[in-house]
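This report examines selected side chains in a structural model.

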Amino acid sequence: MKEDKDLYSSYIANCVFDACSSYVAIMLNSLTIYALRKTSSLPKSLKTLLMSLAVSDLAVGLLAQPLYIAVTVIDFEPESQSNRYFDVTYKVYLFVVNLLTFASFFGVMALSADRFLAIHLHLRYQELVTYKRVVMVVFTMWAVSTGLAILRLCIPKSICYLIFDAIYVCCFLATTAFNYKIYQAQQAPQDGEMANTASLRKFAVGTLLVYLAFVICYLPDCCRLVIFAVSKSSTSNEILRLYTMTLWFLNSSLNPVIYCWKKRPVRLAAVDILRKIL
C-alpha cells in the first residue's frame with residue numbers, strides 16, 4: 001500500500017514538473033531559434049548545428065513532454081490501457097521520444113566535433129567544414145534518427161535495446177573524446193598562433209557546458225536502463241524511471257540557457273528580441 005502511495009505521489013510530482021518544464025522549453029527554444037536567425041556574426045556551420053539542436057529541444061517541449069504526461073496518466077489507470085487510443089498514443093510517444101533522443105545525441109556529438117575541428121584545423125577548417133557539408137550532416141542525422149525511431153516500432157524490444165545501447169555507447173564515447181580534446185586545447189598556453197583562436201575557445205567553452213548538461217541529464221536514464229535489464233520490474237524501478245525521464249526532458253530547457261549565456265551574439269539578439277516584445 002505504501003509503495004502504491006509513493007508511486008502515485010511520484011506520478012503527480014513528475015507530471016506537474018514536466019508540464020512546467022515543457023512550457024519553459026517551448027519559450028526558451030523558440031526565443032533561441034529566433035535569436036540564431038537574427039545573429040549574423042556566428043559561422044554558418046555553427047549556427048546550423050545550434051539550430052538543429054534547438055529544434056530538437058523545442059520538439060521535446062512541444063511534443064515529447066505532453067505525450068509523456070498523457071501516457072503517464074493513462075499508465076496509472078490499468079483499465080485504460082486496454083483502450084485502443086492508448087496503443088496509438090503510446091506508439092506515437094515511442095516514435096517521438098526515440099526520434100528526439102537520437103537527434104539530440106547526434107546533435108551534441110556533431111557540435112562537439114565541429115568545435116574540435118575548428119580549434120585543431122585552424123585555417124583549414126573553413127576549407128573542409130563547408131556550409132553544404134554541415135547541412136548534409138544535419139539532414140543525415142535526422143534521417144537516421146527517423147529510421148531508428150521507426151525501427152523501434154517494428155522489431156522486438158530486447159533486440160532494439162541492444163542496437164540502441166550500442167549506438168548510445170559509441171556516440172557517448174566519441175562525444176567524450178571530442179570534448180576531452182577541446183578541454184586540453186583550453187588548457188594549452190595561448191601564445192603564438194593559438195592566440196588567434198581566442199574566439200574559438202569561447203565557443204568551445206559553451207560546447208563543453210552543453211556536453212556536461214547532456215551527461216548530467218542523460219546518464220541517469222542510461223544507468224536506469226542497465227538496472228532494468230538486469231533486475232525484475234518493480235515499483236522502485238518505475239519510480240526511478242519517472243525521475244530519470246524528467247531529468248532527461250530538463251536538458252531541453254538547459255541548452256538554450258547555455259547558448260544565451262556563453263555565446264554573446266546569441267545573448268545580445270535574445271535580449272534585443274525581449275526588449276521589442278516588452
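## Ser52

Ser52 is buried in this predicted model, with a relative accessible area of 7%. The residue counts as buried because that value falls under the 20% limit. Ser52 lies in helix 2, which spans residues 44–75.

Leaving out residues up to four places away in sequence, Ser52 touches Val138, Met141 and Trp142. With Trp142 there is also a polar contact between the two side chains, at 2.9 Å. Ser52 and Leu111 are separated by 59 residues in sequence, and their C-alpha atoms are 9.8 Å apart in space.

## Ser253

Helix 8, residues 235–262, contains Ser253. The relative accessibility of Ser253 is 6%, so this residue is classed as buried.

When neighbours within four places in sequence are set aside, the contacts of Ser253 are Ser21, Val24, Ala25 and Leu28.

## Charge pairing

How many salt bridges does a search of the whole structure find? The search finds 1 salt bridge. The side chains of Arg115 and Asp114 meet in a salt bridge, with an N to O distance of 2.6 Å. Side chains of opposite charge can pair when their charged atoms come close.

Are Arg115 and Asp114 buried or exposed? Arg115 has a relative accessible area of 1% and is buried. Asp114, at 3% relative accessibility, is buried as well. Both residues receive this label because their values are under 20%.

How values were computed
Residues numbered from 1 in each chain as written. Predicted model: local features only at pLDDT ≥ 70, side-chain atom pairs only at ≥ 80, totals over all residues. Heavy atoms only, no water. Salt bridge = Lys/Arg side-chain N within 4 Å of Asp/Glu carboxyl O. Buried < 20%, exposed > 50% of the residue type's maximum accessible area, 1.4 Å probe, protein only. Helix = DSSP H or I, 4+ residues; strand = E, 2+ residues; numbered from the N terminus. Contact = heavy atoms within 4.5 Å. Polar contact = N/O pair within 3.5 Å; in protein donor to acceptor, adjacent residues only side chain to side chain.
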